[in-house]
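User: I have a model open and want to go through some side chains. Can you take a few questions?

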Amino acid sequence: MKLKFNFKKFLISFVFAFIVNIIVVYLWDSFFHGQGTFNLGFSLTVALALGVVLGFIDTK
């Protein structure tokens with residue numbers, strides 16, 4: 001089994017995961033804590049992890 005990194009998939013999944021995660025964290029904090037805040041560190045970490053994993057997945 002060969003693994004090949006696809007940078008285009010990584011970039012698309014990273015941006016998508018980052019934007020969705022920021023929206024979800026903001027709405028979660030707004031709903032449960034009454035104050036919408038951003039957790040950029042967590043959002044970057046999740047987006048990076050998903051981007052790397054999805055960048056290596058090759059579907060045929």
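User: Phe 10 first: buried or exposed?
Analyst: This is a predicted model. In it, Phe 10 counts as buried, at 13% relative accessibility. The cut-off for buried is under 20%.

User: How many aromatic pairs turn up in the whole structure?
Analyst: A search of the whole structure gives eight aromatic pairs. One of them joins Phe 5 and Phe 10, with 5.7 Å centre to centre and 50 degrees between the planes, and it is tilted.

User: Why tilted?
Analyst: Planes under 30 degrees apart count as stacked and those over 60 as edge-to-face, so the rest are tilted. The Phe 5 and Phe 10 planes have 50 degrees between them.

User: And Phe 5, what is its relative accessible area?
Analyst: The value for Phe 5 is 36%, which makes it partly exposed.

User: What about Phe 14 and Phe 18, what kind of pair do they form?
Analyst: Phe 14 and Phe 18 are stacked, 6.2 Å centre to centre with 5 degrees between the planes. They are separated by about one helical turn, because they sit four residues apart in helix α1 (residues 7-33). Phe 18 is partly exposed, at 22% relative accessible area.

User: Which residues form the aromatic cluster?
Analyst: One cluster is made up of Phe 5, Phe 7, Phe 10, Phe 14, Phe 18 and Phe 56.

User: Different topic. Where is Ser 43?
Analyst: Ser 43 is in helix α2, which covers residues 40-56. It is buried, with a relative accessible area of 1%.

User: What is Ser 43 in contact with, leaving aside neighbours within four places in sequence?
Analyst: With those neighbours left aside, Ser 43 contacts Phe 18, Asn 21 and Ile 22.

Terms used: Residues numbered from 1 in each chain as written. Predicted model: local features only at pLDDT ≥ 70, side-chain atom pairs only at ≥ 80, totals over all residues. Heavy atoms only, no water. Helix = DSSP H or I, 4+ residues; strand = E, 2+ residues; numbered from the N terminus. Buried < 20%, exposed > 50% of the residue type's maximum accessible area, 1.4 Å probe, protein only. Contact = heavy atoms within 4.5 Å. Phe/Tyr/Trp six-rings, centres within 6.5 Å; stacked < 30°, edge-to-face > 60°.
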